[in-house]
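Welcome, and please have your viewer ready. We will go from stop to stop, with something to select at each one.

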Amino acid sequence: MGPRTEKVFYFLTWFFQGSSFLIPRAYAVMHRMHHEYSDTEKDPHSPHFFKDVFGMMWHTKKIYFDFVSGERTPESQFSGDLPVWDKMDKFGDSRWVRLAWGAIYTLFYLYFIFVKDASVFWLLLLPIHYLMGPVQGAAVNWMGHKYGYRNYNSKDDSRNTEPFGIILMGELFQNNHHEHPMSANFAQKWWEFDLTYPVLKMLSWLHIIKLKKA
Ligand SMILES: [Zn+2]
């Protein structure tokens, strides 16, 4: 995408991630490491070195914050061409902005409970909303390298986790993704379906992005 489109998507990333906004450059470095070191000890989030998903996520969180704070510098092979928008990062990462998002989510639920007589049990979903990013990260990284089938005999232990591959917008076709990391379509077999791919196709058709041949 062009630089102006990138800014728009950067902003939308913040808007939709809200309280659990991840600074894109730190995420990008971690994702590149995940591919290079997949399921080895240098992988930032391989399920094979932790007894539960919380241990894995705690480890991921530490690496993420070390990159954000500058305590750890990414290896040069992972730091090329990173998206940087310092002001947006500072704003999205500020405690007050995160708390404001949390308050907005809470008010949204309270509106339905008090004004529309919805059940109070909906509130049980609120913690998932506050932590949507880590919840999705935990699901993808834990299940995607542990449960499911393999189309390719890759060196790592990546898997295609059905039916969650579809629910998580194709993210859980991890085995396909590791075998074809540059492919915009995470589905490879005729019965698999990556819900994000048609969206990318549409954006490409509208000339908002340009898909590269993988
Ligand atoms: Zn993976």
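Domain bounds here come from an automatic or database domain assignment. This is a predicted model, in which local features need pLDDT of at least 70, side-chain atom pairs count only at pLDDT 80 or more, and totals for chains, interfaces and linings use all residues. Residues are numbered from 1 along each chain as its sequence is written.

**Stop 1: the two domains.** Select 1-122 for domain 1 and 144-214 for domain 2. Their C-alpha centres lie 21 Å apart. Where they meet, 8 residues of domain 1 are in contact with 9 residues of domain 2; contact requires C-beta atoms, placed from the backbone, within 7 Å. The side of domain 1 that touches domain 2 has 2 nonpolar, 5 polar and 1 charged residues. In this count Ala, Val, Leu, Ile, Met, Phe, Trp, Tyr, Cys and Pro are nonpolar, Asp, Glu, Lys and Arg are charged, and the others, Gly among them, are polar.

**Stop 2: confidence.** Colour by pLDDT, the predictor's confidence in each residue, from 0 to 100. The mean for the protein is 91, and 99% of its residues reach 70 or more. Confidence is highest in helix H5 (residues 95-115), at 96, and lowest in H8, at a mean of 73. Helices (H or I, at least four residues) and strands (E, at least two) are DSSP runs, numbered from the N terminus.

**Stop 3: the cores.** Which residues make up the largest nonpolar core? Select Trp14, Phe21, Leu22, Ile23, Ala26, Val29, Met30, Met33, Tyr64 and Phe67. Such a core is a set of buried Ala, Val, Leu, Ile, Met, Phe, Trp, Tyr and Cys residues joined through C-beta atoms within 7 Å. A residue is buried if 20 or more other C-beta atoms lie within 10 Å of its own, exposed if 12 or fewer, and partly exposed in between, with C-beta atoms placed from the backbone. Helix H2 (24-36) and helix H3 (53-69) each supply at least two residues of this core, and H2 gives the most, with 4 residues. Another core, of 7 residues, lies apart from it; among its members are Met56, Met143, Leu172 and Phe173.

**Stop 4: helix H7.** Select residues 132-143, the 12 residues of H7. The buried residues of H7 are Gly137, Asn141, Trp142 and Met143.

Stop 5: Go to Leu168, between helix H8 (164-167) and helix H9 (174-179). Leu168 touches Gln136, Ala139 and Val140, not counting residues up to four places away in sequence. Leu168 is partly exposed because 18 other C-beta atoms lie within 10 Å. Met169 lies in this loop between H8 and H9 too, and its phi is near 55 degrees, a positive value in a residue other than glycine.

Stop 6: In the loop between H2 and H3, find Asp39, with a positive phi near 60 degrees. Most residues other than glycine have a negative phi. Finally, pick Trp96 in helix H5. Is Trp96 buried or exposed? Trp96 has 8 C-beta neighbours inside 10 Å, so it counts as exposed. Draw a line from Trp96 to Ser19: they are 77 residues apart along the chain, and their C-alpha atoms are separated by 9.7 Å.

Technical notes:
Two residues are in contact if their C-beta atoms, placed from the backbone, lie within 7 Å. The expected span of a helix is 1.5 Å times one less than its number of residues.
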